[in-house]
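Hi everyone, thanks for making time this morning. I'd like to walk you through one model, so please have a look at it while I talk.

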Amino acid sequence: MVNVDSISIRSIIFTFSLWPRIFNILWKANQFYFFCILVLSISRGLMPALTLIATQQVVNTIVLNNQTSEFNIVLVPLAVFVSLFFLNELLMIFQMHTSTVYQTYLSNHVKVEIIKKVGKMSLPNFENSLIQDQLQRSQQEADFRPYEIFQQILSIITGAVTLVSSAGILLTWNWKLTLLLGLVPILFFFAYLSLGKKEFLIHYHRVPNQRKSWYLLQLQTRDSSFKEAKIYRLSNYLLKEYRNIINQFLKEDKFLANKRTQLSIVSQLCGNIIVGIIVFYVAYAGFYGDINIGNLVAYFSAITLTYTNSQTIVWDIVDICKNNLYIQQLFFFLDLKDGHDEGALTKDKQTVFFSEIETIEFRNVYFKYPATENYVLKNVNFKLRRGETLALVGQNGSGKSTIIKLICKLYNDYEGEILINGISIRDIPTELFYKELGVVFQDFVNYEMSLWKNVGFGDIDNLNDENRVNDAIEKSGLTAFVQTLPKQKNTQLGKYFLDGYQLSGGQWQRLAIARAFMRDASLYILDEPSAALDSVAEANIFKKFGDLVEGRIGIFISHRYTSMHFADHILVLQQGEVVERGTHEELLEIAGVYSRLYRLQMNNLKKAK
Ligand code: ADP
């Protein structure tokens with residue numbers, strides 16, 4: 001990634017090498033509209049000079065013929081003048097229409113590219129806050145930045161056509177004055193460019209705080225945090241933090257606006273002095289009859305057109321340089337390498353034959369999370385075969401969920417070996433592997449959609465297969481519950497949208513389990529399935545889970561020792577290490593960590609009764 005703080009004028013101009021890629025995006029967004037806008041812009045660029053020539057013709061025809069001919073002689077140049085006027089309006093209307101539609105095409109296209117990229121990202125990349133900043137920058141720019149660049153390119157094309165045609169009129173009379181007109185904007189080019197760089201850097205470094213302000217806003221406006229914010233009276237505190245950030249942004253924006261205003265005043269003043277001198281010179285020549293009156297009018301307009309267009313072109317170039325820097329951020333994001341995707345596999349490895357999961361083996365596995373110091377798994381060893389169920393037990397933070405995440409191929413940078421059917425998990429094609437996996441994570445998702453989709457998402461290829469959805473509902477013991485809902489399977493769940501029916505935490509969790517059961521997988525994993533379940537529902541779920549994993553592999557994490565007799569093997573973890581292993585009965589006999597925790601829980605249960 002480029003060190004943005006050392007951006008030089010040269011490197012800004014170098015970003016023009018991105019243009020082929022920008023044009024590729026513009027072209028792919030919608031070819032028809034892209035082409036129409038180009039043609040319309042060039043046509044509109046010609047209009048001012050054509051109108052100017054028509055004006056010159058009208059005035060000269062009147063001045064030269066008003067004593068000698070009929071008025072009819074003026075009709076043709078007049079008709080040309082009016083037609084050009086009308087044509088210009090018409091072109092403007094079409095240009096506005098095509099631009100509006102094209103803008104939406106373009107912004108949709110870029111947004112879709114970003115979403116596609118996020119879908120392909122690995123979890124370590126996704127959890128990296130610097131990459132999250134980059135994602136935020138890209139999303140922020142997606143809506144308007146490519147379009148803005150396109151508009152600036154068009155504006156340069158239109159401006160250049162107008163400039164060349166109007167400067168052409170002046171050049172035929174006095175080329176030195178024409179050059180002088182273009183000089184001022186060019187002189188101020190570098191001052192504007194350095195201001196553009198300053199603006200980019202301020203916006204670039206603002207992103208982490210922008211994400212923070214977005215998060216603070218969410219905390220105050222989303223239902224998941226609304227209750228706590230109210231009861232703990234956090235609103236004022238959170239609002240104050242939010243205000244601090246947005247006030248800092250305001251301060252920076254004011255600073256930039258002031259700088260821009262100062263620069264504009266100085267450059268306009270210099271420009272106007274030069275325009276004043278030239279206008280004076282033209283008027284002088286007209287007064288003493290060196291040029292006739294029609295040409296005088298045309299030169300006056302040509303002076304204004306040449307000056308304003310050369311100024312606009314310079315500003316547009318500055319803006320494009322600035323926008324190139326922003327668009328570069330989007331490209332950085334889209335080009336991020338994911339060491340985790342299929343591209344990382346060698347060609348022969350990609351064809352590894354893989355059907356069902358027969359065995360899972362951890363051999364001397366060590367793991368620490370990216371950008372952290374300490375190992376959270378140390379020398380973990382176990383082997384599971386088809387037909388077996390494993391329970392992971394241990395206190396919070398002992399590494400249970402991390403083992404699940406490694407089995408799910410969410411992290412790749414572990415030491416030791418993780419083997420599936422005797423093959424390194426790194427060499428198994430992810431998509432095929434995921435087809436064999438039914439998982440309920442601790443932080444499963446509540447989809448604010450129909451109950452049908454909440455279950456059907458477990459096997460997206462069979463989302464519309466009603467029998468399979470019913471089957472998954474049945475396997476998770478929800479059939480009777482679904483009948484009580486207002487629209488049964490088609491009931492909209494959650495509270496975000498109209499007619500939403502809110503479920504309890506436990507009911508959502510059972511739906512997440514149904515979602516995993518929707519798959520015809522050979523490995524099922526439940527990470528704390530009983531966390532939000534009452535004891536009846538828990539017993540029910542484990543009974544169903546036992547039936548489901550018959551002849552397959554099952555892994556679950558639970559803090560309830562009542563569910564442990566469903567497991568063939570239990571691993572007891574402490575600070576990332578396996579400290580005990582065996583069946584429920586064997587572990588009770590050892591009289592170690594497991595039996596101590598078991599008795600503690602049983603005593604608590606007895607006391608509670
Ligand atoms: P358990 O499931 O046993 O409660 P975890 O496997 O979730 O424990 O966590 C084990 C350790 O890993 C904890 O110390 C936790 O702070 C750390 N950890 C968990 N997730 C991440 C992550 N995404 N990045 C960095 N550290 C993490």
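Before the helices, a word on terms: the axes I mention are lines fitted to C-alpha atoms, for helices over the stretch in contact, and the angles run from 0 to 180 degrees between N-to-C directions. Please also keep in mind that this is a predicted model.

Let's begin with helix α3, residues 31–65, and helix α4, residues 72–120. Their axes are 8 Å apart, and the two helices pack at an angle of about 160°. Angles over 145 degrees count as roughly antiparallel, and α3 and α4 are therefore roughly antiparallel to each other. As for handedness, α3 passes α4 in a left-handed crossing. And what is the contact of α3 with α4 made of, by class? There we find 24 nonpolar residues, 12 polar ones and 1 charged.

Stay with α3 for a moment, please, and turn to its packing with α11. Here too the angle is about 160°, with the axes 7 Å apart. That makes α3 roughly antiparallel to α11. The crossing in which α3 passes α11 is right-handed.

Now, α11 has another contact I'd like to show you. Helix α11 covers residues 293–334, and helix α8 covers residues 175–221; their axes come within 9 Å and cross at roughly 25°. Are α8 and α11 roughly parallel or antiparallel to each other? With angles under 35 degrees counted as roughly parallel, α8 and α11 are therefore roughly parallel. The crossing of this pair, α8 and α11, is right-handed. Their contact divides into 17 nonpolar, 7 polar and 2 charged residues.

Let's move over to the ligand. How many residues surround the ligand? The answer is 13, and the closest are G397, G399, K400, S401 and T402. Sorted by class, that shell holds 7 polar, 3 nonpolar and 3 charged residues. Which helix gives the most to the shell? That would be α13, residues 400–407, with 4 residues.

If you zoom in on the side chains, T402 has a polar atom 2.5 Å from an oxygen atom of the ligand. K400 also places a polar side-chain atom by a ligand oxygen, at 2.9 Å. Then there is Y369, where an N or O atom in the side chain is 3.5 Å from a nitrogen atom of the ligand. As for cover, the ligand taken alone exposes 560 Å², and the protein buries 64% of that.

That's my tour, and I'm happy to take your questions.

Notes: Residues numbered from 1 in each chain as written. Predicted model: local features only at pLDDT ≥ 70, side-chain atom pairs only at ≥ 80, totals over all residues. Heavy atoms only, no water. Near = heavy atom within 4 Å. Polar contact = N/O pair within 3.5 Å; in protein donor to acceptor, adjacent residues only side chain to side chain. Areas by Shrake-Rupley, 256 points an atom, 1.4 Å probe, with all protein chains shown as cover. Nonpolar A, V, L, I, M, F, W, Y, C, P; charged D, E, K, R; others polar. Parallel < 35°, antiparallel > 145°, perpendicular 65-115°, else oblique. Left-handed = near helix turned anticlockwise from the far one by under 90°.
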